[in-house]
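These are my notebook entries on a single structure, set down in the order in which I looked things up.

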Amino acid sequence: CAVLDNRAVYCWGYNVNGQLGDGTTTDRSTPVQVSLPSGRTATSVTTGLYHTCAVLDNGAAYCWGKGANGQLGDGATSDRSTPVQVSLPSGRTASSVSAGIQSLHTCAVLDNDAAYCWGYNGYGQLGDGTTTHRSTPVQVSLPSGRNASSVSTGDYHTCAVLDNGDAYCWGYNSNGQLGDGTTTQRATPVQVSL
């Protein structure tokens, strides 16, 4: 997927779950325009394994594609072939969004620099201290007094750079991908040993 110079979003490729956002489940070998809400444009787009998300010009977050684990963030667990609005906390907008690769989860940094995640949470990759799947965003338990500058979703784990430059990760850790010197799964963020 790509954001073009006119801020329209175009996607192409595999589309079995509607992740191209054109209202179909037809694979496309050339770009097709995503059906964004009328009058809206996008500032960024992120692709996951079977879902896609974008931040729009008004700060709203929209997702589409596979929704079985709640990774679209609209409170449902069904696939969507056109964008649906993520249920962000009241009065909040998104600065950035990251769609997970294998783990079918999504995370965002909001305008108040809080990190929120939603979707599959079998390994604690939502960072809320549980392994409960969430179909709407939940706040990541960042260290007290700290905010997120950026967040990135990986393969069943998530990492963030905080406002003081520290890196924190959480979720699956069987190969040490959280960087804390262990192979212990974490449902809340732990500091990377830089």
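**Entry 1: Thr-46 and its surroundings**

I began with a side-chain to backbone contact: a polar atom of the Thr-46 side chain lies 3.1 Å from the backbone nitrogen of Ala-99. I note at the outset that the model is predicted. I placed Thr-46 in strand 4. Is Thr-46 buried or exposed? Its relative accessibility is 14%, so Thr-46 counts as buried, the cut-off being under 20%. Leaving aside residues up to four places away in sequence, I listed what Thr-46 touches: His-51, Thr-52, Cys-53, Val-97, Ser-98 and Ala-99.

**Entry 2**

Which strands pair with strand 9? Strand 8 runs antiparallel to strand 9 and is joined to it by 5 bridges. In this pairing I found Ala-94 opposite Leu-110. Strand 10 also pairs with strand 9 in the antiparallel sense, over 5 bridges, and there Thr-106 has Trp-118 as its bridge partner. Strand 9 and strand 10 form a hairpin with 4 residues between them. In its turn, I recorded a positive phi of about 70° for Asp-113.

**Entry 2: Nonpolar cores**

I looked up the largest nonpolar core and found that it has 15 residues. The residues with the most contacts inside this core are Ala-61, Cys-63, Val-86, Leu-88, Ala-94, Val-97 and Leu-110. Strand 5, strand 6, strand 8, strand 9 and strand 10 each supply at least two residues of this core. In soluble globular proteins, nonpolar side chains tend to be buried together.

I then examined Cys-63 by itself. Beyond residues up to four places away in sequence, Cys-63 touches Thr-52, Cys-53, Gln-71, Leu-72, Thr-82, Pro-83, Val-84, Val-86 and Trp-118.

**Entry 3: Aromatic pairs**

How many aromatic pairs does the structure hold? I found 5. In one of them, Tyr-14 and Tyr-50 are tilted, at 6.3 Å centre to centre and 55° between the planes. Tyr-14 lies in the loop between strand 2 and strand 3, and Tyr-50 in the loop between strand 4 and strand 5, so this pair ties together parts that are 36 residues apart in sequence. Both are partly exposed, Tyr-14 with a relative accessible area of 47% and Tyr-50 with 27%.

I next recorded Tyr-120 and Tyr-156, whose ring centres are 6.1 Å apart; their planes stand at 65°, so the pair is edge-to-face. This pair ties together the loop between strand 10 and strand 11 and the loop between strand 12 and strand 13. I also noted that Tyr-120, Tyr-123, Tyr-156 and Tyr-172 form one aromatic cluster.

Finally I traced an open sheet of 4 strands in the order 12-13-14-15, with antiparallel pairing. Strand 12 and strand 15 stand at the edges with a single partner strand each, so one side of each is left without a neighbour in the sheet. I recorded an average twist of 20° from one strand to the next. Strand 13 and strand 14 pair over 5 bridges, and Cys-159 has Cys-169 in strand 14 as its bridge partner.

Note on methods: Residues are numbered from 1 along each chain as its sequence is written. This is a predicted model: local features need pLDDT of at least 70, side-chain atom pairs count only at pLDDT 80 or more; totals for chains, interfaces and linings use all residues. Side-chain values use heavy atoms; hydrogens and water are left out. Rings of Phe, Tyr and Trp (its six-membered ring) pair if their centres lie within 6.5 Å; planes under 30 degrees apart count as stacked, over 60 as edge-to-face and the rest as tilted. Buried means under 20% relative accessible area, exposed over 50%, partly exposed in between (1.4 Å probe, protein chains only). A nonpolar core is a set of buried Ala, Val, Leu, Ile, Met, Phe, Trp, Tyr and Cys residues joined through side-chain atoms within 4.5 Å. Contact means heavy atoms within 4.5 Å. A polar contact is a pair of N or O atoms within 3.5 Å; within protein, one must be able to donate a hydrogen and the other to accept it, and residues adjacent in sequence count only if both atoms are side-chain atoms. Two strands pair if DSSP finds at least two bridges between them. Axes are lines fitted to C-alpha atoms, for helices over the stretch in contact, and angles run from 0 to 180 degrees between N-to-C directions.
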